[in-house]
Amino acid sequence: GSSRKARWIGDAMPLQPPRGANNGYHSRFSEKEDTTKWIQIDLGEEKIFNQFKLYPARPHDGPGTPGFLFPLKVKIWVDQEPSFEKTFMRVAEQTYLDIPNPGTEPFQLETKNTKMRMRYVRLGVVKMGKVEGQGHAFALAEFQILLDGQVISAGLPVTTSDSIEDGGWSASHLTDGDLVSHGAEAIEPQ
């Protein structure tokens, strides 16, 4: 039955393949700093949560500055529908002042005074940083949804308003558990 199959998969775990370059997620560039861009996680079903963590990107092939293009102002909305057109609610935000560069530490937001039970979570970035000569964008190594410190969003599907899918950047990196940007890594033979 299914138990035998599951056990066999557990016994036959292959060695970890070399890890490819993973900078995290990088939105496309826009001319304006306040073009709203978003990333959205589908929890698969209604789940309870009350915290969010944004992990800063530090591209392995970039200037090496921690907090590369970290969002400056953000809002978090939740909805039962993926379209976020009618029934969405805002549950957290940091818009009064720009978020200071978090360096290498994650930036945490919490829902106000309550736990939410929803299926879809959307992080909207309403003010972005700038790269001279290229425009405004935002980047993150990871976006996590948590309940009392426990991550509930690992490995779940992500949709985005737009995304650079090149050079170690990908929307799929937002929930892959890789919290720090890195170049390709070969596994050393023992």
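**Sheets, cores and a few residues**

Author: Five strands make up an open sheet, ordered β5-β4-β7-β2-β13, with antiparallel pairing. β5 and β13 are at the edges with a single partner strand each, so one side of each has no neighbour in the sheet. From one strand to the next, the twist averages 25°.

Reader: Before we go on, where do the coordinates and numbering come from?

Author: This is a predicted model: local features need pLDDT of at least 70, side-chain atom pairs count only at pLDDT 80 or more, and totals for chains, interfaces and linings use all residues. Residues are numbered from 1 along each chain as its sequence is written, and side-chain values use heavy atoms, with hydrogens and water left out.

Reader: And what counts as a strand, or as a pair of strands?

Author: Strands (E, at least two residues) and helices (H or I, at least four) are DSSP runs numbered from the N terminus. Two strands pair if DSSP finds at least two bridges between them.

Reader: OK. How many helices and strands are there in the protein chain?

Author: One helix and 13 strands. Along the sequence the pattern reads α-β-β-β-β-β-β-β-β-β-β-β-β-β.

Reader: Which strands form the open sheet of four?

Author: The order is β6-β3-β11-β12, with antiparallel pairing. β6 (107–110) and β12 (150–151) are the edge strands, each pairing on one side only. β3 (residues 51–55) pairs with β6 over four bridges, in the antiparallel sense, and F52 stands opposite L109 in β6.

Reader: Changing topic: which residues touch the most other members of the largest nonpolar core?

Author: F49, F52, I76, V121, F143 and I145, out of 31 residues in that core. The elements giving two or more residues to this core are β2, β3, β4 (73–79), β5 (89–94), β6, β7 and β11 (142–147). β7 supplies the largest share, five residues. By nonpolar core I mean a set of buried Ala, Val, Leu, Ile, Met, Phe, Trp, Tyr and Cys residues joined through side-chain atoms within 4.5 Å. Buried is under 20% relative accessible area, exposed over 50%, and partly exposed in between (1.4 Å probe, protein chains only).

Reader: What does F143 contact?

Author: Setting aside neighbours within four places in sequence, F143 is in contact (heavy atoms within 4.5 Å) with residues including I39, I41, F52, I76, V121 and L174. There is also a second, separate core of eight residues, with V131, A137, A139 and I164 among them.

Reader: How about the overall numbers?

Author: Buried residues are 45% of the 190 in the protein chain. Of the contacts with a separation of 6 or more, 80% are between residues 24 or more positions apart.

Reader: Let me jump to N22. Where is N22 found, and why does N22 count as buried?

Author: N22 is in the loop between α1 (2–11) and β1 (25–26). N22 counts as buried because its relative accessibility is 4%.

Reader: What does the side chain of N22 make a polar contact with?

Author: The side chain of D178, at 3.2 Å. A polar contact is a pair of N or O atoms within 3.5 Å; within protein, one must be able to donate a hydrogen and the other to accept it, and residues adjacent in sequence count only if both atoms are side-chain atoms. A polar atom of the N22 side chain also lies 3.0 Å from the backbone nitrogen of G24. Not counting residues up to four places away in sequence, N22 touches G168, H173, D176, D178, V180, S181 and H182.

Reader: Last one: which residues other than glycine have a positive phi?

Author: L69 is one of them, with phi near 50°, and F84 has a positive phi of about 50°. L69 lies in the loop between β3 and β4, while F84 is in the loop between β4 and β5. L69 counts as buried at 9% relative accessibility, and F84 counts as buried at 9% too.

Conventions: Axes fitted to C-alpha atoms, helices over the stretch in contact; angles between N-to-C directions.
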